Amino acid sequence: MTDTTTTNKGVNVTPKTSVTVLFAGDSGDGMQLTGTQFANTVAVYGSDINTFPNFPSEIRAPAGTISGVSGFQMQFGSQSVYTPGAKFDVLIAMNAAALKANLNKLHHGGIIIADSDGFDGKNLRLSGYGEGNNPLEDGTVADYTVFSVPVVSLTRKALADTGLSVKNIDRCKNMFILGILYWLYSLPIDTTITTLQTKFKNKADIADANIKAVTAGYNFGDETEMFAQFGRFSVAPAGKQPGTYRRVTGNEAAAIGLAAAAKKAGLKLFLGSYPITPATEILQTLSNLKKWGVKTFQAEDEIAGVLSSIGASYGGAMAATSTSGPGLALKSEALGLAVIMEIPLVVVNVQRGGPSTGLPTKPEQSDLFISMYGRHGEAPMPIISAHSPVDCFYAAYEAAKLSVEHMTPVICLTDGYLAFSSEPMLIPSPAELSGIKPVFAKERAADDAPYLPYKRNEMGVRDWAVPGTKGLEHRIGGLEKANETGNVSHDPANHALMTKLRAEKVEKIADCIPLQTIDNGTEKGDLLVLGWGSTYGAIKIAVDRAIKAGHSVSHAHVRYLNPFPKNLGTMLGNYKKVLIPENNCGQLLMMIRDRYLIEPIAFNKVEGLPFNEMEIEAKITDIVKEL
Amino acid sequence: MTDTLTKLTAKDFTSNQEPKWCAGCGDHAVLQQLKSAMADLGLKTEEVVVVSGIGCSSRLPYYVATYGIHGIHGRALPVASGLKAARPELSVWVATGDGDALSIGGNHYIHTIRRNPDLNIILLNNEIYGLTKGQYSPTSKIGQRTVTSPNGVVDYPMNTIALTLGSGGTFVARVMDRDGKFMREIFKRASEHRGTSLVEIYQNCPIFNDGAFTPFTDRERKADTTIYLEHGKPLIFGKESDKGIKLDGFTPVVVDLNDPKVSRDDLWIHDENDFIKANMLSRFFDDPDAEGDYLPRPFGIFYVEDRFTYEDALTAQVEKAQENGEGTLEELLAGKSTWTIK
């Protein structure tokens, strides 16, 4: 066993409430794995965390260059953590390019742990610093605390007797640096050792080498004068709600949410989908859930993806499709079909920067309009949005519930930020999940009155009549239906009636969803910051700070974008001003203005980057000054 | 449970909706034979789903008293594929046309064929767009004058059978709309085949493309312009059954059986499991009205292959994953790696 439990003799330990770390290196340096390991350890130790990977769009961008830099950012703390952090406290730089690409986001006086072996002539040239201009030595990093460690050399030395090839030894350098970080933050290395033993259970030599490297890194911290002088940090457990946790990304959470909804409803989940960044992991995750009866169909295109789900839904499956902007555009016609067929379907749309191919790996909130208005004809669909990685689970679950219980396609909006971010999820018990009751039509005898597929209940919802059931044979499709019988009808009055009935059915969902609540702040006041989706964390922190600064500011986050909660209009009237920050050019703002005839203040950011709390805090401060 | 023992008739498969196709349209005959075939097959109305796209032929589901989906243009096949994957026990039929399946739905067509779900595709090919009133389709003939090709079609026509074989089709057949009984038998074979069955029907549109198939239906000419494929039988055609096809190396040639130098033993024997020969037969695509020699147009079953279906393979994977029991909701929520905070 390693001696990680013995505290370093006499070294000063400074407690911290939150820390933001960026692991940055070449895309081949294993930064995602290293970051994930660190995240798992701090989570198990009880901190709250939020992580966000930042990788190049190219699979293998040239090594050593800025475009080849891969990053894994995380914030952890002894209190609730809502974002992966705006600026870093610690920057791990495996090479010169990693430093160059990220130095501007390091806090003044922050810590740099650099692998000095990644700052040789070649790396300096490729990074753009230029050969002979080593930033670790020329004053570039004079304002920071720099630990320049020859990680490759030290790893080779530590693993010299393993008999592994130099190539395999060098691949353990990320574990060495992880060991240093564990030491620095007073964290044990056991979680990582257990993971390595499991991950490489059939490659004992590789497991041993990695364990040696992480131990060597830890001991290096323990034994090296420069670290001892600097001291260590500690982050106390966050006092999170007791229970069992797992770490999920937004995409994993959405996938599990759909599968859980199907289980709860007693249905089989079918996902028809086509790979698209940043939504692909939903298809990937669900393709691994066959044990739970999940069937995935990787279609030939986006259109076939949604249509296969429409077919499966007609057949009585809980059907979903996952996509991102360009795919949602392609699915528009099929969504109109689902609207007129009045069958359940969940569309999880993971928003990215648009239009067109746009910024495939970058988040944006610019698909609200296409979700709301992006179909020909009068084709309303309910829209639910997720505000955090974990909330992707609940949003997808609820989308499935509404879809099945109200016989309508539902759009669940997440985005690339939530999709790739991760955070701890308190695992709910099955009983805690709300029940889902499909409205199946029952078998009919030959002498019963003819079945009426478009007869509705008091919520305006028709039955789900599934093939294989006797006496329910019926033909439906894209042509306008006669009320109740569902036969093709071109009657003008009938079309007007059916248009109204379809719209009312969606409107009535407002009776079934929770009222809008205030997330933070008072129920009346000067300013309401109204957000939706992934801006939650940044708004939460910014409003919290504004309240602490004595301002009359509140935060409400809209989950149900169509229909809106019934009390939303009244709530907006309780504030002198309403501020709507969005990663688009004002889409929710226009919907709010249109619906409630008020003039909110817009705050828009379309840079392919999420808001950070400082931006929103500054905006709030500007507004309250004028009030 | 008497109804499970009573065999249904074509009438039981007739819905209460009056077909709205033009008088004389080939679709009427196809509908009738389809309903008869379903009755002959002993299918029950509640276990059948007819899925279609858009076009004249795609109205067919409304007239069959089973379950049915009239979807969107070109895209019946993904709807049917998803339905079949979710509910493999259903009998799923697809009614489509040349424009629907081969033009706007071309991508879905080739991918469905290669995946081989157990669907029965009835492709009514009238070589024209009927519902939009007479524009040329992907199977229209070169030079054909239509409202959108006033100077004649310059698009080279699609060969449905060759496309289907090229996409990995496992049941490939062609029939003429007038051959009612033959069509019914082919429908039954198509239904019994496990995998995607393609039945291309040459269907006359009396309004916008009347007579498109006259060279193959004309009483005087059809014996010479068509050949009926029968498994294990030599390729013989002609009014007097005196013409045959033999292979001269890799080249099919028409031989005169009255010629004493020609032996019937040399004739091409149709083998519906021979992929290479099926491909050659698919290229019997000459226009009898064009100049020069032509090979007769084949009807019947070109090719049959016994290959796993998509839904069977998918279901097998699900069953394998569940061999130690289906996952519970608790297990799903917990995932593989958890930690506990006390």
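The axis of a helix is a line fitted to its C-alpha atoms, here over the stretch in contact, and an angle between two axes runs from 0 to 180 degrees between their N-to-C directions. This report applies that idea to a predicted model.

**Helix α6 of chain A**

Helix α6 of chain A comprises residues 173-184. At 1.5 Å a residue, its 12 residues should span 16 Å, and the end C-alpha atoms are 17 Å apart, which agrees. Of the 12 residues of α6(A), 12 are buried, so the helix is largely enclosed by the rest of the structure. Among the buried residues are A:K173, A:N174 and A:L181. After α6(A) comes A:S186, with a positive phi near 55 degrees.

**Packing against α8(A)**

The partner considered here is helix α8 of chain A, residues 204-223. The two axes come within 6 Å and cross at roughly 40 degrees. Because angles under 35 degrees count as roughly parallel and those of 65 to 115 as roughly perpendicular, α6(A) is oblique to α8(A). The crossing is right-handed. On the α6(A) side, the contact includes A:F176, A:I180 and A:W183, and on the α8(A) side it includes A:V214, A:Y218 and A:D222. The contact residues comprise 13 nonpolar, five polar and one charged.

**Chain B**

| Property | Value |
|---|---|
| Helices and strands in chain B | 12 helices and 12 strands |
| Box filled by C-alpha atoms of chain B | roughly 95 × 50 × 45 Å, along the principal axes |
| Buried residues in chain B | 46% of the 342 residues |

Of the contacts in chain B between residues at least 6 apart in sequence, 66% join residues at least 24 apart.

Terms used: Residues are numbered from 1 along each chain as its sequence is written. Chains are lettered from A and ligands numbered from 1 in the order in which they are written. This is a predicted model: local features need pLDDT of at least 70, side-chain atom pairs count only at pLDDT 80 or more; totals for chains, interfaces and linings use all residues. Helices (H or I, at least four residues) and strands (E, at least two) are DSSP runs, numbered from the N terminus. The expected span of a helix is 1.5 Å times one less than its number of residues. A residue is buried if 20 or more other C-beta atoms lie within 10 Å of its own, exposed if 12 or fewer, and partly exposed in between; C-beta atoms are placed from the backbone. Two residues are in contact if their C-beta atoms, placed from the backbone, lie within 7 Å. Angles under 35 degrees count as roughly parallel, over 145 as roughly antiparallel, 65 to 115 as roughly perpendicular and the rest as oblique. A crossing is left-handed if the near helix is turned anticlockwise from the far one by less than a right angle, and right-handed if clockwise. Ala, Val, Leu, Ile, Met, Phe, Trp, Tyr, Cys and Pro count as nonpolar, Asp, Glu, Lys and Arg as charged, and the others, Gly among them, as polar.
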